[in-house]
Amino acid sequence: MSDRAEGAGEPLIHVQDVHYAVGAHSVFSGLNVRVEAGKITAIMGPSGTGKTTLLRLIMGQIQPQRGSIRVFGQEVPTLRRRELFGLRQRVGLLFQNGALLTGMSVFENVAFPVREHARLPEPVLRKLVLMKLQAVGLRGAADLSPSELSGGMARRVALARAIVMDPEVLLYDEPFVGLDPISKGVILRLIQSLNRTLHITSVLVSHDVQEISAIADQTYLLSGGSVVAQGNPSELRNDTSEVVHQFMTGAPDGPVPFHYPAADYYAQLLEQ
Amino acid sequence: MSAHGTRGAVLRTGLTKLGAETRFLLRVCGQAVPALDHPRLLIEQIYNAGARSLVIIMLCGLFVGMVLGLQGYDLLARFGSESALGVAAALGLIRELGPVLTALLFAGRAGTALASEIGLMGATDQLTAMEMMAVDPVRYVVAPRFLGGVIAMPLLTAIFNSVGIYGTQLIGVVMMRIPAGTFWSQTVNAVEMRDIREGVIKSVVFGVACSLIAVYEGYHAEPTAEGVGLATTRTVVTSAVLVLMLDYILTAMFL
């Protein structure tokens, strides 16, 4: 197992000993994650392990009960709203469903953050938006409304919107979910090219082992509220622990049980 | 739980909600001026809440005016005062029926549309997406819709009143043959500035109440289909009850 970031100074995103619970249900108990600048870091784990919750914690949408979350050296849970908004202008987030604004065209969706944060002349704004749409292959769809897009196209428009402010970090929430193989391939290539050409640090939350293995530099596997394994994809594949093996091979039963905890089956059937 | 306990719990829930709504109102008011940076959004919302409610407002205003004409004529004829029909209808509409009925119709049409639109934006992560793009959804989504409703309500009330008086005139002058000169001169002479002021103040207060409830319920709706449906229902019910309560309080203050 490698941990190249250890001792390499302050990482871009540093999650340390985070505890987070919703009511009595503990989501994280002592979570530690480091995201190094310029790398593609994947957060993997079975459904319900809190992968998306981790992104929400990093973006300051929710607060941990304990622990530290530092982004660009700033302690996110202590930031005021204005400071948090300043930080969010440097971080892009790609939602699982795209979360495009339905009352606007594709062009206006991509232009939205720029119109709100930068007073660019209209011709410059137009060129910028068209360039971003060209980057995701949807310049021709600029005048369409979100309801006219397929799932894969909506995800690409959302990606164009996420990069229009030239963020330093991009967080992807399940970018491959529900996509056909072609769309998956397109998104995969886009994530890679954004990382390589624009040097955008990427954090991917996903449970698509194959796709993640193809692009991630560092992978964290979450289970039971903390990191159970970390390393590059080949290290994870060779990991012999039961949890990692079950996740990487997709075995239906194991440390993550097939059955939701319940009373004794036969006793329940024979119950009068 | 004892009756005292139940009453206490209901009171606590009510007060908590009132407190949350007041805090939300202050937050929306705080974002109202920045929201004016987007005049196009505000005009769009005045159009949505106002212009799109015009047909229902005019239609209802006409029939309410005509009913007032029939009932008023029947009553006034018993005292030989048919010529005062215009006065009775105009004062009733301007001071009471116009603001109240417009507010109830507004809650049913524009209020539900606002609540469901904002609720669906929440359910499809659009509000969260704005937050993540460092855009305050209260400034961009809620405040323009709230302001649009507050501006549209007095305008709709004025149109409701005008069409209502026209409806009464149709019954009184065209059907019952009250001389048009008598009808209009008595109406114009009887309606004073304070009557109009009362109506305008009521319509503005109802506009604030109905718009606030709609945006509050929409913004705080559970992000599910059922949650949005419940928010829409709560918008109509709460608005109707609050409008009638506020109307009583305002009427008592003006008399």
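Biologist: In what order do the strands of the open sheet of chain A stand?

Modeller: Strands here are DSSP runs (E, at least two residues; helices are H or I, at least four), numbered from the N terminus, and two strands pair if DSSP finds at least two bridges between them. In chain A, six strands form an open sheet in the order 6-7-8-3-9-10, with mixed pairing. This is a predicted model, where local features need pLDDT of at least 70, side-chain atom pairs count only at pLDDT 80 or more, and totals for chains, interfaces and linings use all residues. Residues are numbered from 1 along each chain as its sequence is written, with chains lettered from A and ligands numbered from 1 in the order in which they are written.

Biologist: Which strands stand at the edges?

Modeller: Strand 6 (91-94) and strand 10 (226-231) of chain A do; each has a single partner strand, so one side of each lacks a neighbour in the sheet.

Biologist: How many bridges join strand 9 of chain A to strand 10 of chain A?

Modeller: Five, and the two strands run antiparallel, strand 9 covering residues 218-223. One to look at is A:Tyr220, whose bridge partner in strand 10 is A:Gln230.

Biologist: Which strands does helix 5 of chain A touch?

Modeller: Contact is counted when C-beta atoms, placed from the backbone, lie within 7 Å. Helix 5 (residues 151-163) of chain A packs on the sheet, touching strand 6 and strand 7 (169-173) of chain A.

Biologist: And how many residues of chain A are in contact with chain B?

Modeller: 14 residues of chain A, which meet 10 residues of chain B. Helix 3 of chain A gives the most to that side, with three residues.

Definitions and conventions. Contact = placed C-beta atoms within 7 Å. Axes fitted to C-alpha atoms, helices over the stretch in contact; angles between N-to-C directions.
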